[in-house]
Amino acid sequence: MGVRFGLTDPISLDFPTQRDVEKSNEIEMILRENGGYAGRQERVLMEEVLGLLDRVVKTWINNISRAKGFAVESNARVFSFGSFRLGVYGAGADLDTLCVGPVYASREVDFFGELYKMLECMAQVTELIAVPDAYVPVIKFKLNGVLVDLVYARLTLFVVPDDLDMSSDSVLSCVCPHDEQSIRSLNGCRVTDQIIGLVPNVRTFRTTLRFVRLWAKRRGLYSNVVGFLGGINWALLVARICQLYPNAFPNLLVSRFFRIYSEWRWPNPIMLCEFKEEDGPSFLGQQGWDPRRNPKERYHVMPIITPAYPCVNSSYNVSSTTLCIMSGEFKRGNEIWDADDFRKWKGWVESRLRQLILKIEKHTSGMLQCRPYPGDFSDKSLPLHSSYFMGLQRKQGVPVNEGELHHIDITGCVDEFKRAVDEYVSKKIGMEICVSLAKQRDIPDFVFPRKSLGRSQCEAKASVQDVAGSGQKRKRVDDNVETDFARCTKSVRSYQNAPAEAFLRCNQPLLRLIHGY
């Protein structure tokens with residue numbers, strides 16, 4: 001296709017229709033009504049808390065510098081990551097933050113010791129908890145009512161520059177050897193920045209992610225602590241969908257999110273970009289996620305891989321049970337989301353059926369008649385599919401002249417009808433229609449819920465012939481099919497679908513239309 005975001009070519013480069021714009025506006029409205037966006041006061045409060053925390057950290061590092069007798073200028077920085085840095089935080093969101101300190105400020109003594117004591121003495125700080133033994137050591141607290149998670153990374157620098165570029169791999173060259181905790185802490189910001197850089201449209205990504213986050217919270221799936229997925233996991237899943245549909249609006253992205261992940265074959269990993277170990281700083285010697293080398297990683301059931309070096313599985317907490325639950329929720333979301341679009345697509349197809357009848361009558365100069373059955377049939381094994389049947393017969397009383405073609409070709413009528421149906425303005429990928437001729441023995445089992453009748457004496461004699469070299473089906477109606485509807489109907493007795501049974505068993509060659517989404 002020429003344009004690629006991520007590991008593969010896009011599935012579709014289609015641009016949004018007017019209906020996509022309208023449906024995406026509805027998503028925006030749902031988000032605003034359900035706290036998907038932070039209000040102006042909350043945004044100001046988050047900025048104030050981030051600024052206050054930065055000042056506290058600078059005071060802390062100045063105290064440490066003087067206490068240890070360093071005459072050099074001191075500095076430390078606070079960076080945000082997670083939902084705030086992604087731009088998708090909503091009402092009541094917490095604030096994920098990273099403190100980057102110089103080489104002489106240790107994690108154990110200075111961060112969890114002196115900084116903790118400073119926070120403990122502040123009236124604005126409540127619910128203060130230190131978790132030094134976590135996979136990513138963290139201090140948790142509320143600052144002016146905002147829940148803050150603060151992690152720490154120690155660099156080999158005496159002064160942390162104000163223009164420190166967190167997205168560059170060069171920042172990792174300033175990490176102390178074998179300080180894996182600092183690398184993990186830095187990766188929060190680095191992964192966030194990588195995600196933003198790897199999606200084709202940041203605005204549609206943010207809206208889609210806000211909706212998915214709201215859905216996950218409502219369905220009880222938003223927690224990596226208990227084995228579901230956290231904010232960064234959901235962001236990575238949504239980012240991959242955005243790469244596959246780079247021009248799509250949020251309504252289609254949400255639809256494809258549910259469809260793709262309801263069918264995804266785990267443990268095949270989700271990755272936003274290709275990663276090679278030689279891409280990272282060689283001196284760090286950090287091995288990225290690779291189940292071929294690390295036997296423990298072979299047991300990861302739902303790998304969602306971070307795009308920054310060193311790449312890791314961000315969803316290692318997911319268990320077989322929680323994966324099963326989430327897979328069920330993906331399928332549920334897919335069914336609900338597609339049902340509305342399918343109903344409208346079905347209504348459009350039904351409204352065009354009369355045009356097919358008129359086209360056949362006009363094309364055959366009235367010699368061939370269509371009798372539609374007023375209803376559709378659904379195969380429960382194929383959700384979002386419907387089948388319609390039309391009986392075909394030569395008009396009674398019309399003689400077959402010598403030398404006249406023995407078959408009536410309606411291929412042109414069908415192709416013209418399908419083109420008209422494809423003009424549906426809200427048509428999406430997956431909305432398809434198939435038209436074919438069927439004999440009595442070809443009527444699918446799902447049409448009749450009870451034991452079907454034996455072969456009727458008016459079995460259809462229509463045929464379907466392959467057109468050589470085209471792969472298309474040529475529809476032909478035999479001249480000599482029997483047309484006694486009344487006599488055939490008499491043989492139908494005591495069946496649940498008796499009207500349909502009589503029609504489908506006793507009408508002549510059947511034109512079957514299948515449409516789905």
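One cavity of 30 Å³ or more is present in the structure, which is a predicted model. A cavity is a set of points, on a 1 Å grid over the protein atoms alone, where a 1.4 Å probe fits but cannot get out. Grid points are joined across faces, edges and corners, and a volume is the space filled by probe spheres set on the points. The largest cavity holds about 30 Å³ of space. Met271, Leu272, Cys273, Phe275, Ile305, Thr306, Pro307 and Cys311 form its lining; lining residues have an atom within 4 Å of a point. By class, this lining has seven nonpolar residues, one polar residue and no charged residues. Here Ala, Val, Leu, Ile, Met, Phe, Trp, Tyr, Cys and Pro count as nonpolar, Asp, Glu, Lys and Arg as charged, and the others, Gly among them, as polar.

Residues are numbered from 1 along each chain as its sequence is written. Local features need pLDDT of at least 70 and side-chain atom pairs count only at pLDDT 80 or more, while totals for chains, interfaces and linings use all residues; side-chain values use heavy atoms, with hydrogens and water left out.

The second largest pocket has a volume of about 370 Å³. A pocket is an open set of grid points with protein on both sides within 12 Å along at least five of seven lines. Its lining comprises 19 residues, and Ile30, Phe211, Trp215, Ile336 and Trp337 lie nearest the centre. H1, H6, H8 and H9 each give two or more residues to this lining. H9 gives the most, with six. The lining divides into eight nonpolar, three polar and eight charged residues.

The protein chain has 12 helices and 12 strands. Helices (H or I, at least four residues) and strands (E, at least two) are DSSP runs, numbered from the N terminus. Of the 517 residues, 49% count as buried. Buried means under 20% relative accessible area, exposed over 50%, and partly exposed in between, with a 1.4 Å probe and protein chains only. The accessible surface of the chain comes to about 25,300 Å², and 51% of it belongs to carbon and sulfur atoms. Areas come from the Shrake-Rupley method with a 1.4 Å probe; for residues, only the protein chains shown count as cover. Among contacts (heavy atoms within 4.5 Å) between residues at least 6 apart in sequence, 71% join residues at least 24 apart.

In soluble globular proteins, nonpolar side chains tend to be buried together. A nonpolar core is a set of buried Ala, Val, Leu, Ile, Met, Phe, Trp, Tyr and Cys residues joined through side-chain atoms within 4.5 Å. The largest such core has 47 residues, of which Phe205, Trp234 and Phe257 touch the most other members. Two or more residues come from each of helix H1 (18-33), helix H5 (180-198), helix H6 (202-218), helix H7 (231-244), helix H8 (250-263) and helix H9 (320-363). H7 gives the most to this core, with nine residues. Beyond its neighbours within four places in sequence, Trp234 is in contact with Leu209, Val212, Trp215, Ala216, Leu221, Tyr222, Leu229, Phe257 and Phe330. Another core lies apart from this one; its 36 residues include Leu50, Ile64, Leu143 and Leu150.

Asp14 lies in the segment before H1. Asp14 counts as exposed because its relative accessibility is 52%. Asp14 and Ala248 are 234 residues apart in sequence, yet 6.9 Å apart in space, C-alpha to C-alpha. Beyond neighbours within four places in sequence, Asp14 is in contact with Asn247, Ala248 and Ile429. Ala93 sits in the loop between helix H3 (83-86) and strand E2 (95-101). Ala93 is buried, at 19% relative accessible area. With neighbours within four places in sequence set aside, Ala93 is in contact with Met46 and Val146.

Two peptide bonds are described as cis: Trp266 to Pro267, with omega near 15°, and Tyr309 to Pro310, with omega near -10°. Pro267 lies in the loop between H8 and H9, and Pro310 is placed in the loop between H8 and H9. Asn144, a residue other than glycine, has a positive phi near 55°. Asn144 is found in the loop between strand E4 (138-143) and strand E5 (146-154) and is partly exposed, at 37%. Ser365 is not a glycine either, and its phi is positive at about 55°. Ser365 belongs to the loop between H9 and strand E6 (368-372) and counts as exposed, at 65% relative accessibility.
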